[in-house]
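The following paragraphs lead the reader through one protein model, from its overall form to individual residues. Please keep the sequence and the structure in view while reading.

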Amino acid sequence: MLRVAEEMFLRDGYARVAVRGLAEATGTSVETIYQTYGGKAGLVAAIQEAALEGSGPVPAPERSDAMSANERDADTILRRWADLSGEVAPRVTPIMLLVRSAAGSDPQLAALQERMAEQRRDRMSHNAARLLATGQVRPTLTPGQVRDVLYTYTAPELFEILVLEGGWSLQLYADFLYRGLRAQLLA
């Protein structure tokens, strides 16, 4: 259901997709969609959560946490985070951009957009703490500044500019993230 709904939202736009059409396309009922997801906005939230897991057998946040808990070299952590971003961004960015475009006219998606931003900030605060624990971050940076740099470099708008509009490869994008994060954060 999520895959078909995602295709429909990305092809037709949020406003043009009706719950009845989603039900017909997925072979379910309107009631099932409302009971399971609470409607279109809940379905988009579920699609975004699934996209954040990445493509590996273990969800990307779990892989990130395991790696950063065991790795003591900040440079290596940043390289691996950049690679994970290159894996996750192609899946999650189109959904985040869909939410952004519909948030101005749909209060549920405006709330979802704010919730997604808050989740990203929380995740980047967690990652900032992990990176700071290495003792290799520039000493002039506060935890909030480290969080903000991580938040900025993982913004869907950056992926949109470089990959979707600029035609960069995922490898070039991940390399850009790594070099930028390294330059901004490490001593």
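Helices (H or I, at least four residues) and strands (E, at least two) are DSSP runs, numbered from the N terminus. The model is predicted, so local features need pLDDT of at least 70 and side-chain atom pairs count only at pLDDT 80 or more, while totals for chains, interfaces and linings use all residues. Residues are numbered from 1 along each chain as its sequence is written, and side-chain values use heavy atoms, with hydrogens and water left out.

The secondary structure of the protein consists of 10 helices and zero strands. The C-alpha trace spans about 55 × 30 × 30 Å along its principal axes. For 187 residues, a compact globule would have a radius of gyration near 16 Å, and the value of 18 Å for the protein agrees with this; the radius is taken over C-alpha atoms, and the globule rule is 2.2 Å times the number of residues to the power 0.38.

Burial is described by relative accessible area: buried means under 20%, exposed over 50%, and partly exposed in between (1.4 Å probe, protein chains only). By this criterion, 43% of the 187 residues count as buried. Contact means heavy atoms within 4.5 Å. Among contacts between residues at least 6 apart in sequence, 65% join residues at least 24 apart.

In α1 (2–12), the residues Val-4, Ala-5, Met-8 and Phe-9 are buried. They cover an arc of only 130 degrees around the axis, which puts them on the same side of α1; the arc is that of the directions from the helix axis to the C-beta atoms. Arg-3 and Arg-11 are exposed on the other side of α1. The cover over its buried residues includes α2, α4 and α6. Gly-13 follows α1 and has a positive phi, near 90 degrees.

Helix α2 (residues 19–26) has Val-19, Leu-22, Ala-23 and Thr-26 as buried residues. Seen down the axis of α2, these fall within an arc of 100 degrees, so they line one face of the helix. Arg-20 and Glu-24 are exposed on the face turned away from that buried side. The buried residues of α2 have a cover that includes α1, α3 (30–37) and α4. After α2 comes Gly-27, whose phi is positive, near 70 degrees.

Glu-71 lies in the loop between α5 and α6. Not counting residues up to four places away in sequence, Glu-71 touches Thr-76, Ile-77 and Arg-80. Glu-71 and Arg-91 are 20 residues apart in sequence, and their C-alpha atoms are 26 Å apart in space.

Leaving aside neighbours within four places in sequence, Gln-184 is in contact with Arg-138, Leu-141, Val-149 and Tyr-153. Between the C-alpha atoms of Gln-184 and Ser-101, 83 residues apart along the chain, the separation is 30 Å.
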